[in-house]
Amino acid sequence: MPLPDDEIDSFSGRVASAEEAAADIIAVYLASAVVAAYGGSILGVVVGRWLRWPGASLVVAVLLVAVTIPGSGIVEAFRPYREIMPWTYWYGGDNGAGADYYFEGNPRWWLVYTVGLCVMGVIAALLHDRVLPRRKLFVIAGVVAVLSLGASIAAMTTGPQEMRTSPPVLHPEQIK
């Protein structure tokens, strides 16, 4: 994916180097693919342990998709809050002229947030077991929840605060 010449670093807000812009792209791929795959599996375990009625996993999956799709950046009204979704868009789309959109926010902090969601899911699954010492799990869950909330807020408030468009990358056939 070509990087725009004026790519803004997510952490500092200044013009990013190629390495810093690549770190954002790597964070997007890790959070959107690897962490999301683990998170989905963890959610399945949590649902299986806590919701003991037929069709619970289907209802949870449909609700998750119904909330995530409009909140992922596709619907413009929800775009400022898309960093609280467990899956979201960071860039994509072709505006017809060969240019890509880069959405606002900080994908590196969003990666931290999604890992925190996974840790809270593991803790939620462990809390179902009454034999384990639960007090320590509640303390860990509280700390992880506060850190995840902070990472989510950082994902919303740091980095570029406007949607950017990359320069068009035209196919040689379009130049004629």
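## Largest pocket

Eighteen residues, given as 18 in the count, line the largest pocket, and Gly39, Leu43, Leu64, Pro86 and Leu117 lie nearest its centre. A pocket is an open set of points on a 1 Å grid over the protein atoms alone, where a 1.4 Å probe fits, with protein on both sides within 12 Å along at least five of seven lines; lining residues have an atom within 4 Å of a point. The space in this pocket is about 440 Å³, a volume being that filled by probe spheres set on the points.

The model is predicted: local features need pLDDT of at least 70 and side-chain atom pairs pLDDT 80 or more, while totals for chains, interfaces and linings use all residues. Residues are numbered from 1 along each chain as its sequence is written, and side-chain values use heavy atoms, without hydrogens and water.

## Composition of the lining

α1 (18–50), α2 (56–74) and α3 (107–127) each supply at least two lining residues; helices are DSSP runs (H or I, at least four residues) numbered from the N terminus. The greatest contribution, eight residues, comes from α1. The lining has 12 nonpolar, six polar and no charged residues, with Gly counted as polar.

## Packing of α3 and α4

α3 packs with α4 (residues 134–157) at an angle of about 160°, their axes 8 Å apart. The pair is therefore roughly antiparallel, a term for angles over 145 degrees. The contact (heavy atoms within 4.5 Å) includes Trp109, Trp110 and Tyr113 of α3 and Arg134, Leu137 and Phe138 of α4. Its residues divide into 19 nonpolar, three polar and one charged.

## Surroundings of Ile74

Ile74 belongs to helix α2. Beyond its neighbours within four places in sequence, Ile74 contacts Ile69, Arg79 and Tyr89.

Technical notes:
Axes fitted to C-alpha atoms, helices over the stretch in contact; angles between N-to-C directions. Parallel < 35°, antiparallel > 145°, perpendicular 65-115°, else oblique.
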